[in-house]
Number of protein chains: 2
Amino acid sequence: MSIAAQPLTSDELEARLRQIGAERYHHLHRFHRRLHTGQCTYEEVQAWALNRYYYQAMIPIKDATILAKIPDPEDRRQWRKRIEDHDGLREGDGGIERWLKLTDSLGFPRDYVISTHGILPGTRFAVEAYTEFCRSRSLLQAVASSLTELFSPTIISERVAGMLAHYDFVNKETLAYFSQRPVQAKRDSDFALDYVKKHAATRAEQNSVIAALEFKTSVLWAQLDALWSAYVDGAIPPGAWVPGTVTARVQAA
Amino acid sequence: MSIAAQPLTSDELEARLRQIGAERYHHLHRFHRRLHTGQCTYEEVQAWALNRYYYQAMIPIKDATILAKIPDPEDRRQWRKRIEDHDGLREGDGGIERWLKLTDSLGFPRDYVISTHGILPGTRFAVEAYTEFCRSRSLLQAVASSLTELFSPTIISERVAGMLAHYDFVNKETLAYFSQRPVQAKRDSDFALDYVKKHAATRAEQNSVIAALEFKTSVLWAQLDALWSAYVDGAIPPGAWVPGTVTARVQAA
């Protein structure tokens, strides 16, 4: 990364951020290629859903941490929508609940999923690194770290189409989480992109934005590395969920 | 883990802690078996040394975080030795310097190692989870998380003997870090074990000690998982060190 003092134009900054997505976003990870092309076993899909629950569950905590840093009420109203999306407007609503419908359908007891006792240390450490980043860094970097959502609509459409085509143990209802996300992610990433383009004025600030997005791509990537190592390569760390335990096979709806 | 209110005896607590070592310490990890039996390539040993530098470098930060929580001057004097061991009593001394002699011998420029630019996200997140644990948890849990040192003298003697026997690119001088550690680790873990046996009075406190040591074993394990995935399995995450770059082959002394 250049440390030249000359700021990038707004378009140059956006191009640089989109380049990070093209080079480092987890659509390139071998686990996602495996998941989307039908090569995952049932147990690998279970492990993916169980582990990613922790990421989903921490999103509102992460967003509340950011919300607490935002000085402007209008900006806070915009950011608050993220928490509403994940926690819901009423009981039984929201992204976390929809994710639990997926883990339900894969045979996990809810209390086991919510306890996060079975997740991989690699998942836990990556997600905690993300929340800690948003706590300890500037508002600008915290906002920028959300910009992986710029790239999520494409991966989600590939995922849903691929999973419905290849796995008989998922359906549109159990994948309902993803049906809501592209519209929400577009709205949220439009806001966050405008925010960083407006507030990253100096080259140093722009570099901090670029570094934040690179950091976030590594948070997503590391989760899939841990998943591959444990459940594709079969080297499950001590204490993590072991396929065949805890779950009951659920009758497809 | 039982949640019964009846406290364990001091001996029972120690036995439980030693059992965690027997079941979860990273001497059981396949990367260590590979390293110690001479199956690692030169590049895998390079990657191990490069990544573990970050763990070594953060140890005094972690110990200063704990030092700041200790109310008793005598206990602080004991704990301070850990920082002295790693940072040294004068320039060119200490565990971090000795680790850098190892990375020197493996051809890495010091500024590259110290920058930590090439380490794996999985390494970074695990080590940060450890420092954050010591920052945010009780003194008792922070002290307990150091107890993996109870198990380190054995692994170190296996490592040094195995590496000297199998690799022509290491020698007693480049492995000097390890020659100091068993005595230091014995002194430190004796203190920490006495501390937790004395201060963990209730069953809840004892459970928190047990959980802290389990957490710490997962910190060590996750680092080796990341190393295996990237450099044995060959799935290097974006941005991490690529073998053949950065380094120059060093003439064996």
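This briefing walks through the fold of chain A, the way chains A and B meet, and a few residues worth a look. The model is a predicted one. Chain A is built from 11 helices and has zero strands, and chain B can be laid on chain A with an RMSD of 0.0 Å.

**Fold of chain A**

- Following the sequence of chain A, you will read the pattern α-α-α-α-α-α-α-α-α-α-α.
- Chain A is as compact as a globular protein of its length, because its radius of gyration of 18 Å is close to the 18 Å that the globule rule gives for 253 residues.
- If you are setting up a view, the C-alpha trace of chain A spans about 60 × 40 × 35 Å along its principal axes.
- Buried residues make up 39% of the 253 in chain A.
- Among the contacts in chain A with a separation of 6 or more, 82% join residues 24 or more positions apart.

**How the two copies are related**

- The superposition of chain B on chain A takes a turn of 180 degrees and a shift of 0.0 Å along the axis.
- The two copies are therefore related as by a two-fold rotation axis.
- Phe125(B) is the residue of chain B that comes closest to this rotation axis, with its C-alpha at 2.7 Å.
- Both copies use the same surface, as 100% of the contact residues of chain B recur in chain A.

**Where chain B touches chain A**

- On chain B, 23 residues are in contact with 23 residues of chain A.
- Three helices of chain B, namely H1 (10–24), H7 (121–136) and H11 (203–232), each supply at least two residues of the side that touches chain A.
- The most comes from H11(B), which gives eight residues to that side of chain B.
- By type, the residues on the side of chain B that touches chain A are 11 nonpolar, eight charged and four polar.

**A helix pair inside chain A**

- Helix H3 (residues 42–67) and helix H7 (residues 121–136) of chain A pack with their axes 9 Å apart, at an angle of about 10 degrees.
- Angles under 35 degrees count as roughly parallel, and H3(A) and H7(A) are therefore roughly parallel to each other.
- H3(A) contributes residues including Tyr54(A), Tyr55(A), Met58(A) and Ile61(A) to the contact, while those from H7(A) include Arg124(A), Val127(A), Tyr130(A) and Cys134(A).
- The contact of H3(A) with H7(A) counts eight nonpolar residues, four polar and three charged.

**A buried aspartate**

- Look for Asp188(A) in helix H10 (residues 176–199) of chain A.
- Asp188(A) is buried, as 22 other C-beta atoms lie within 10 Å, and the cut-off for buried is 20 or more.
- Leaving out residues up to four places away in sequence, Asp188(A) touches Arg82(A), Ser146(A) and Glu149(A).
- Asp188(A) and Ala144(A) are 44 residues apart along the chain, and their C-alpha atoms are separated by 11 Å.

- Thr116(A) is not a glycine, although its phi is positive, at about 55 degrees.
- Thr116(A) sits in the loop between helix H6 (110–115) and H7 of chain A, and it counts as partly exposed, with 16 C-beta neighbours inside 10 Å.
- Val246(A), a residue other than glycine, also has a positive phi, near 75 degrees.
- Val246(A) belongs to the segment after helix H11 (203–232) of chain A, and is partly exposed, with 16 other C-beta atoms within 10 Å.

Conventions. Residues are numbered from 1 along each chain as its sequence is written. Chains are lettered from A and ligands numbered from 1 in the order in which they are written. This is a predicted model: local features need pLDDT of at least 70, side-chain atom pairs count only at pLDDT 80 or more; totals for chains, interfaces and linings use all residues. Two residues are in contact if their C-beta atoms, placed from the backbone, lie within 7 Å. Helices (H or I, at least four residues) and strands (E, at least two) are DSSP runs, numbered from the N terminus. Ala, Val, Leu, Ile, Met, Phe, Trp, Tyr, Cys and Pro count as nonpolar, Asp, Glu, Lys and Arg as charged, and the others, Gly among them, as polar. The radius of gyration is taken over C-alpha atoms; the globule rule is 2.2 Å times the number of residues to the power 0.38. A residue is buried if 20 or more other C-beta atoms lie within 10 Å of its own, exposed if 12 or fewer, and partly exposed in between; C-beta atoms are placed from the backbone. Copies are superposed by least squares on the C-alpha atoms of residues with pLDDT of at least 70 in both. Axes are lines fitted to C-alpha atoms, for helices over the stretch in contact, and angles run from 0 to 180 degrees between N-to-C directions. Angles under 35 degrees count as roughly parallel, over 145 as roughly antiparallel, 65 to 115 as roughly perpendicular and the rest as oblique.
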